[in-house]
Amino acid sequence: MTNSSLSKAFIAIIKRDLTLALRTRSEIANPLIFFVIIVSLFPLAVSPEPELLKTMAPGVIWVAALLSTMLSLDSIFRSDFEDGSLEQMLLSPHPMPILVLGKIIAHWLVSGLPLIFLAPLLGVLLFLPYDAMPALLATLALGTPVLSLVGAIGVALTVGLRRGGVLLSLLVLPLYIPVLIFASNAIATAAADMSIKGQLYFLAAMFALALTLAPLATAAALRISLR
Amino acid sequence: MWSFFHRLASPKHFYLFANRIIPWLGWSTLITFIIGTYLGLFVAPTDYQQGESYRIIYIHVPAAWMSMFVYMIMAIAGGIGLIWKMKMADIIASSAAPLGAAFTILALITGSLWGKPMWGTWWIWDARLTSELILLFLYLGFIALQSAIEDRRTAANACAILALVGVVNIPIIHYSVEWWNTLHQGPTVTRFGKSAMATSMLIPLLTMFLAFKLYFGTTLLMRARVEILERERDTTWMKKMIMGSDK
């Protein structure tokens with residue numbers, strides 16, 4: 001087994017998951033619709049006042065992003081667990097963390113990336129100042145991969161359970177708090193015309209940490225769930 | 001020395017050891033609690049700023065310390081169980097979780113009781129209160145995962161991974177909450193610096209801390225004993241021992 005076969009397997013997994021996701025488009029679309037609906041609920045529930053919405057916008061958009069990611073997380077491993085392909089991956093000669101990373105990347109491409117495209121639109125709906133738009137995009141670009149990576153650990157732990165959905169949110173949401181804090185604060189700071197370098201560095205550091213450690217933990221958790 | 005620890009890894013020896021040591025631990029817990037409560041309520045001087053209400057720290061601060069300490073114990077035991085497949089480590093980790101959650105709840109409740117006269121509200125989004133609340137969520141997640149998985153060994157291993165992930169996250173959560181807090185409202189809360197505390201107030205606090213530790217040790221052993229009884233009910237040594245004690 002050479003390195004090239006590992007990279008082939010890695011790319012094959014990403015391609016496979018993307019194809020599967022594109023074949024069932026509703027699975028991609030539903031979390032996004034959910035994202036838009038949650039955000040549009042806030043003006044209805046709180047008040048349509050532009051000033052109030054402007055201050056709430058960063059938090060609302062990020063909480064909605066968190067929740068819609070939660071909704072799509074289950075699809076990372078669920079169907080593969082049910083049809084047994086996850087076991088085949090564990091049996092394959094390639095290191096499991098790399099294969100898991102491939103699946104997480106595919107998940108992010110399907111669920112995280114579209115959020116980045118949708119978010120500016122929602123920012124406009126919530127009267128977010130235009131100066132804060134780059135910050136919104138930057139925090140989403142750095143933050144949503146962390147959500148997918150950390151969430152994968154939770155899915156791997158609960159995939160063997162019949163009703164893992166609620167449990168998953170209980171396990172994963174507390175771990176999302178740092179991302180939420182730094183990201184929404186960065187947007188609010190940018191809206192006040194101040195430098196957001198510090199927040200972005202923190203988000204980048206969390207991304208690096210999650211990228212290196214989360215696949216290992218996810219692979220270990222999968223081994224336990226599949227025993 | 002080492003053989004003592006090695007033998008503790010077997011549930012049977014642990015069970016017998018727990019049986020022997022629980023009365024000692026229990027009585028010393030009671031005695032230190034009585035001494036600590038007496039010192040805290042009657043001997044320690046009244047605070048010149050906060051009056052009598054500061055005395056709740058003799059419950060609050062040890063409970064808050066314990067809530068962190070128990071999570072560390074849980075994660076370390078979980079890691080040991082994961083690496084060396086030791087049954088006793090799994091048992092310790094799973095017995096510690098509800099205790100840690102209880103300490104966290106106690107710290108939160110006493111904190112808000114203290115907050116009412118000090119800050120005028122039951123709850124304040126103070127950094128330490130908030131991270132304590134998140135710690136409670138982590139405990140609840142751990143307990144929920146444990147009760148959701150039926151097979152004990154799988155449950156223990158899955159929980160161990162969750163605890164280890166939590167341990168990596170706790171400092172991040174703690175500092176991000178602290179940072180968030182200073183940005184949002186500034187340092188509003190007067191805090192007890194450790195060195196700024198008078199010795200006459202510190203000694204009762206340390207006594208109470210010791211009492212909490214002993215209490216944790218006692219209840220942990222008791223819970224572990226129950227867990228061993230449940231898990232090992234089909235083994236011969238357990239049957240023999242129970243039959244023997246019936247005679």
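## The contact between the chains

How many residues does the contact take from chain A, and how many from chain B? The contact takes 21 residues from chain A and 23 residues from chain B, where two residues are in contact if their C-beta atoms, placed from the backbone, lie within 7 Å. On the side of chain A that touches chain B, the elements that give two or more residues are α7 (133-158), α8 (164-191) and α9 (197-225) of chain A, and α8(A) gives the most, with 10 residues. Helices such as these (H or I, at least four residues) and strands (E, at least two) are DSSP runs, numbered from the N terminus.

The residues on this side of chain A divide into 18 nonpolar, two polar and one charged. Here Ala, Val, Leu, Ile, Met, Phe, Trp, Tyr, Cys and Pro count as nonpolar, Asp, Glu, Lys and Arg as charged, and the others, Gly among them, as polar.

## The model and its confidence

This is a predicted model, in which local features need pLDDT of at least 70 and side-chain atom pairs count only at pLDDT 80 or more, while totals for chains, interfaces and linings use all residues. Residues are numbered from 1 along each chain as its sequence is written, and chains are lettered from A and ligands numbered from 1 in the order in which they are written.

The model scores ipTM 0.86 and pTM 0.87. For chain A the mean pLDDT (the predictor's confidence in each residue, from 0 to 100) is 90, and 99% of its residues reach 70 or more. Confidence in chain A is lowest in helix α4 (residues 78-83), at a mean of 88, and highest in α7(A), at 93. Chain B averages a pLDDT of 84, with 91% of the residues scoring at least 70. Over residues 186-195 of chain B the pLDDT is below 50, and beyond near neighbours in sequence this stretch has three contacts in the model.

## The build of chain B

Chain B comes to eight helices and zero strands, and its C-alpha atoms fill a box of roughly 60 × 40 × 30 Å, taken along the principal axes. Of its 247 residues, 38% count as buried; a residue is buried if 20 or more other C-beta atoms lie within 10 Å of its own, exposed if 12 or fewer, and partly exposed in between, with C-beta atoms placed from the backbone. Among contacts in chain B between residues at least 6 apart in sequence, 79% join residues at least 24 apart.

Helix α2 (residues 11-43) of chain B has a kink of about 40° at B:Ile21, shortly before the proline B:Pro23, the bend at a residue being the angle between axes fitted to the seven residues ending there and the seven starting there. Among the buried residues of α2(B) are B:Phe14, B:Tyr15, B:Leu25 and B:Gly36, and what covers the buried residues of this helix includes α1 (2-8), α3, α4 (87-119) and α7 (199-231) of chain B.

## A helix and the loop after it

Helix α3 (residues 57-84) of chain B has 28 residues and reaches 39 Å from its first C-alpha to its last, close to the expected 40 Å, a span defined as 1.5 Å times one less than the number of residues. B:Lys85 follows α3(B) and lies in the loop between α3 and α4 of chain B. B:Lys85 counts as exposed because 12 other C-beta atoms lie within 10 Å, and its phi is near 55°, a positive value in a residue other than glycine.

In chain A, the loop between α8 and α9 holds A:Asp193, which has a positive phi of about 65° although it is not a glycine. Most residues other than glycine have a negative phi.

## The nonpolar core

A nonpolar core is a set of buried Ala, Val, Leu, Ile, Met, Phe, Trp, Tyr and Cys residues joined through C-beta atoms within 7 Å. The largest such core has 135 residues, and those touching the most other members include A:Ile61, A:Val150, B:Met74 and B:Ala93. The largest share of this core, 17 residues, comes from α8(A). Not counting residues up to four places away in sequence, B:Ala93 touches several residues, including B:Met74, B:Gly78, B:Ala156 and B:Cys159.
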